[in-house]
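Subject: Structure handover

Hello,

The structure is below, with the sequence. My notes on it follow.

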Amino acid sequence: VRIKHPALPKKFNHLRIAQISDLHLGSFNYRYQLLEKAINIINDLQPDLLFFTGDLVNNFAWELKGWDDVLRKLKAAEGKFSILGNHDYGDYSTWETPELKAANFSSIIDFHSEVGFRLLRNENQTIKRNGEEIAILGVDNWGKPPFRQDGDLGKALKDIQKVPFKILLSHDPSHWSEEVIHDSDIALTLSGHTHGMQAGIQYKKRRWSPIKHRYKHWAGLYNIGDQYLHVNRGLGWMGYPGRLGMRPEITLIELECG
């Protein structure tokens with residue numbers, strides 16, 4: 001995906017971004033070799049930045065066992081960043097005590113840093129090149145009910161108003177149309193969540209999935225003026241153990257000065 005944007009600083013021309021999303025590691029049932037091909041593809045792309053846009057697990061921290069050795073192999077020259085998805089909070093089961101749920105969540109949070117990702121929770125980080133900079137923002141899950149709305153865009157934008165080019169990581173693409181394009185100058189938002197419903201039809205530039213009846217923006221690139229949204233269809237799966245006409249996705253985004 002190539003995006004030409006007038007606000008991109010010249011030092012960042014041809015910036016290469018790899019985006020992955022929705023790993024749902026529990027669905028792999030510890031078959032680590034299934035992701036090895038994807039790891040190699042991502043590293044061969046030689047991205048400057050690598051973004052993971054949420055849903056690391058289905059629900060439980062025990063799903064992460066052994067995956068640290070696999071995901072540590074991911075490389076990006078200028079940083080790896082991640083956010084939480086709706087499945088990462090442990091909301092989809094009954095817990096005997098609040099403390100057990102909190103411990104599960106804490107283990108999932110800690111895993112991100114263990115595999116070299118900077119987890120952004122309603123916060124930001126700037127990336128600098130020879131005196132010019134861009135900003136990477138990440139928010140907690142923000143979705144329409146019944147999904148959580150923990151994402152705080154205002155907090156994530158704190159102290160970066162003067163940074164000319166901003167990239168937001170927000171798991172649910174609904175956030176873009178509900179808040180981002182109305183209340184910010186964020187140039188590029190990266191989301192996942194929909195999986196393209198793991199079923200659909202894609203032919204050349206045409207695509208269709210039943211998920212379109214629930215999400216206006218459900219796969220690929222969208223824009224309103226100079227504000228862009230890319231929705232990744234995910235690498236893993238949830239529920240049905242496969243995909244019909246809606247293949248897993250690794251996105252390479254190249255930014256150009258416009």
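Leu8 counts as buried because its relative accessibility is 5% (buried means under 20% relative accessible area, exposed over 50%, partly exposed in between, with a 1.4 Å probe and protein chains only). This is a predicted model, in which local features need pLDDT of at least 70, side-chain atom pairs count only at pLDDT 80 or more, and totals for chains, interfaces and linings use all residues. Residues are numbered from 1 along each chain as its sequence is written, and side-chain values use heavy atoms, with hydrogens and water left out.

Leu8 lies in the loop between strand 1 and strand 2; helices (H or I, at least four residues) and strands (E, at least two) are DSSP runs, numbered from the N terminus. Leaving aside residues up to four places away in sequence, Leu8 touches Asn13, Ile134, Phe165, Leu255, Glu256 and Cys257 (contact: heavy atoms within 4.5 Å).

**Strand 14**

Strand 14 (residues 251-257) has 5 of its 7 residues buried, so it is largely enclosed by the rest of the structure. Strand 1 (residues 2-5) runs parallel to strand 14, joined by 4 bridges; two strands pair if DSSP finds at least two bridges between them. Arg2 has Glu254 as its bridge partner in strand 14. Strand 2 (residues 15-20) pairs with strand 14 in the antiparallel sense over 5 bridges, and Ile17 stands opposite Ile253 there.

**Helix 1**

Leu35, Ala38, Ile39 and Ile42 are buried in helix 1. On the other side of helix 1, Gln33, Lys37 and Asp44 are exposed. Gln46, which follows helix 1, has a positive phi, near 50°.

Regards
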